[in-house]
Structure formats: C-alpha cells, structure tokens
Amino acid sequence: MKLDVSAWKPFRFGDLIDEIHKAKAYAKIELTASLHKKDDYIPFVSRTETNNSVDCYVLEKEVPNIEPGNAIVIGDTTATISYQPNSFVTGDHIIVIRAQWLNPYVAMFIVSLLQRERFRYSYGRAYLKDSIENTCLLLPVRHDENGAAITEQECRFSAEGYLPDWKWMEAYIKSLHFKPLTTKIYRQNTLPLRTENWKKFYLHRILDASMGNGIDAILTTSNHPKYNYISRDSNGNGVVSFVDEIEGQKPFPAGAMSLALGGSFLGSCFIQRKPFYTAQNVAVLQEKEPLSDYTKLFLAALIRNECKIKYQAFGRELNAHFRKDFTLKLPVVSNEKGNVIDTTYQFSDEGYLPDWQWMENYMKSLPYSDRI
C-alpha cells in the first residue's frame with residue numbers, strides 16, 4: 001500500500017484514548033524471575049529499550065495486581081514505547097494506555113508515530129501524562145465514496161470532527177512484508193584485521209569537526225517538511241523528525257556524519273543520506289577529501305567503539321574533546337619501503353596518511369556489505 005500523508009489530519013492523542021494511568025510498580029528483585037518465558041510466568045515490563053521493553057519474566061502468582069494485555073506502555077522518564085499484547089507487570093515509571101481501537105496492527109502503527117515524537121520528552125521533558133495526552137499525531141482519516149473526508153457532529157476524536165481510519169492503519173501494517181536478508185559475501189573472505197601497525201590520528205585532523213545547529217525540538221514544525229532533524233538517538237540513523245525549513249539556519253549536506261556528544265547514546269555516529277538540521281549536543285563530521293560511504297562507516301564504527309572505552313554519558317562527554325584530543329588509530333598508507341610520509345602533514349604531525357582505500361576494502365569484505 002502507498003503511504004501518502006498529504007491528506008492526513010492532526011489529532012490530539014489524548015482525544016483518541018479511553019484510559020491512561022501510571023501502573024503499579026514492583027521491584028524485580030522481590031519477585032521470582034527468569035530471563036526466559038516459562039509456564040506460570042508473565043512479562044516484567046520496564047523502561048528498557050530492547051526486547052519490546054520486557055526486562056524478564058516473573059512468577060505470576062507472586063503479583064496481585066496484573067495489567068491486562070492489549071495496551072501501549074510508555075516509560076515516563078525515558079520515553080521508551082512499546083505495545084504489550086499479553087498480561088504483564090511493570091517496574092517503576094510506566095504509563096499504561098488503553099483504547100477501544102487497539103489491536104496488534106493498529107498499535108504498531110500508532111507506536112511508530114509516537115516513537116517519532118519521543119525526542120520531545122527525553123530527560124528534562126519527561127513523557128508525563130499531560131505530555132502524552134497533548135502529543136499531536138497526523139493520522140489517515142475516513143473518506144466517503146467521493147473522496148471527501150468524513151466528519152461527525154460529536155467531534156469525538158478532533159475539534160473538526162475527523163474520524164481516524166483505523167481499518168486503513170491495520171491494513172497498511174498487514175501489507176508490510178520483508179524477506180530474510182541475504183549476502184553473497186562469505187565470512188571467510190573477510191580481510192584480516194591487524195592493528196599493530198596502525199597509527200594515532202586526531203579526529204579533527206582527518207575530518208572537519210563542527211557543532212551542529214543546536215536547534216531545540218520545540219522550535220521545529222512539520223507543516224511543510226523539507227529537512228531531516230537529527231538528535232542523539234541511536235535508532236533510525238539518528239533521524240527523529242522531518243521538519244520545515246528554519247529561517248537563519250543552514251542545513252548540513254547529505255553525506256555528512258552526525259555524532260552524539262552526550263546522553264545515553266553518546267558516540268552514536270551515522271552517515272546522513274539527506275540534508276539535515278541537528279538538535280542540541282550533536283556534532284557534524286565532514287570529509288576533507290572525497291570518502292566513500294564504506295570508509296565513513298569504518299570511521300563511524302571506530303568512533304563508537306572509542307566512546308565506549310574512554311567516554312561516559314553525563315560524566316566525561318565528548319563536547320570538550322571531539323575538536324581537541326579525541327583520537328583514533330587507523331591503518332596508514334605504506335609500500336615496500338615502509339610507511340608513506342605526506343610532506344604536507346595534513347593529517348598528522350608525523351606525516352602519516354590514513355589508508356582510506358584499505359578501510360573501504362575491509363568494509364566491502366564483510367558479510368552483508370553488498371546490501372549497503
């Protein structure tokens with residue numbers, strides 16, 4: 001099915017739902033728990049990002065107040081969002097949402113839209129009850145046989161009386177298909193990774209490193225979207241919204257790399273396929289000479305790994321380091337006589353040249369690189 005959003009209408013999320021409440025919280029350490037589903041065990045839902053927010057499974061008879069399934073749950077300090085089809089119990093800070101239209105397919109559709117709004121509520125803007133209810137979602141609406149949007153006098157779902165097209169949302173999700181990802185490149189053909197002769201380079205010497213736009217999410221609109229909006233998120237290539245052009249702000253070009261300087265996903269580094277703006281605490285890395293996407297992916301992987309080792313969210317973050325003393329070890333250009341020295345000393349004081357071609361060749365030798 002074709003996804004054409006031009007005729008979608010805005011809805012206040014609170015007008016679509018029947019119930020919203022904070023769940024009764026239980027401490028996992030007080031319950032008999034298992035990492036795997038067993039008979040007489042039910043999911044323990046927390047604010048975790050992974051596994052559909054299921055932290056573990058707990059013995060059902062130990063929990064007096066169980067939440068029925070068919071509910072959307074939101075972590076009110078982390079904005080983690082998931083749909084729970086079956087009965088569950090929760091940890092702390094979990095908001096539970098119920099509605100008559102909820103089923104697994106419509107829930108997937110709505111949760112996907114809520115995920116795109118979560119950047120507005122992280123940390124300081126916790127995803128509290130009022131914030132959830134006031135979230136605006138663009139949704140497909142019901143039309144008559146002439147193609148005109150149907151409205152109702154009761155105005156149950158919107159001030160204009162539009163009716164969300166729940167059946168279309170369900171049909172769209174059911175229409176999505178995927179095939180298992182395959183590759184023609186075998187693991188045994190991967191180039192050997194020997195790092196003993198790699199040399200140290202400052203990040204700002206090999207790439208142009210600058211701060212991003214630093215645009216607050218609340219200042220963005222999406223009436224006539226033109227540019228991607230990049231935050232410190234680790235999902236979706238860091239793209240959290242598609243926003244209107246902002247007067248006085250110059251977008252960064254496609255092909256540049258975004259780098260999360262702080263937060264839970266510190267070090268998340270992505271190639272951006274389209275022109276973009278950035279949120280607060282996001283840096284932009286641009287090539288000084290043409291580099292392939294494979295080479296950029298190689299660098300992004302090393303940057304993420306370096307951040308895991310040497311930097312810490314809410315402690316030693318990247319702001320003061322990425323344009324100063326952040327370093328990477330890279331393969332260098334060499335010949336039969338040894339390392340090739342660049343007399344311009346563009347990339348290092350020692351004159352070493354990063355071997356961009358080897359980095360590209362290595363990435364191309366990895367399984368599934370033919371699917372990039």
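Mentor: A charge sits over a ring if NZ of Lys or CZ of Arg is within 6 Å of the ring centre and within 35 degrees of the ring normal. Keep in mind that this is a predicted model. Here Lys38 lies over the face of Tyr41, at 5.7 Å from the ring centre, and Lys174 lies over the face of Tyr105, at 4.8 Å from the ring centre.

Trainee: How many aromatic pairs does the count come to?

Mentor: A pair of aromatic rings is described by the distance of the centres and the angle of the planes. In this model the count comes to 16 aromatic pairs. In one of them, Trp168 and Tyr172, the ring centres are 5.4 Å apart and the planes are at 10 degrees, so this pair is stacked. Both residues belong to helix α3, where they are four residues apart, about one turn of the helix. Trp168 is partly exposed, at 21% relative accessible area, whereas Tyr172 is buried, at 14%. Trp168 and Tyr172 also form one aromatic cluster with Trp8 and Phe109.

Trainee: Which parts of the chain does the pair of Tyr227 and Tyr277 link?

Mentor: That pair links distant parts of the chain, since Tyr227 is in strand β13 and Tyr277 in strand β17, 50 residues apart. Their ring centres are 5.1 Å apart and their planes at 70 degrees, so the pair is edge-to-face. Tyr227 is buried, with a relative accessible area of 10%, and Tyr277 is buried too, at 0%.

Trainee: Which residues lie nearest the centre of the largest pocket?

Mentor: Rolling a probe the size of a water molecule over the atoms shows where empty space is left. The largest pocket holds about 890 Å³ of space. Its lining has 26 residues, and those nearest the centre are Leu113, Arg116, Glu117, Leu138 and Ser222. Among the elements that give two or more residues to this lining are α3 and β10, while α1 gives the most, with five residues. By type, the lining divides into 15 nonpolar, eight polar and three charged residues.

Conventions. Residues numbered from 1 in each chain as written. Predicted model: local features only at pLDDT ≥ 70, side-chain atom pairs only at ≥ 80, totals over all residues. Heavy atoms only, no water. 1 Å grid on protein atoms, 1.4 Å probe; cavity = no way out; pocket = protein on both sides within 12 Å on 5 of 7 lines; lining within 4 Å. Points joined across faces, edges and corners; volume = space filled by probe spheres on them. Nonpolar A, V, L, I, M, F, W, Y, C, P; charged D, E, K, R; others polar. Phe/Tyr/Trp six-rings, centres within 6.5 Å; stacked < 30°, edge-to-face > 60°. Buried < 20%, exposed > 50% of the residue type's maximum accessible area, 1.4 Å probe, protein only.
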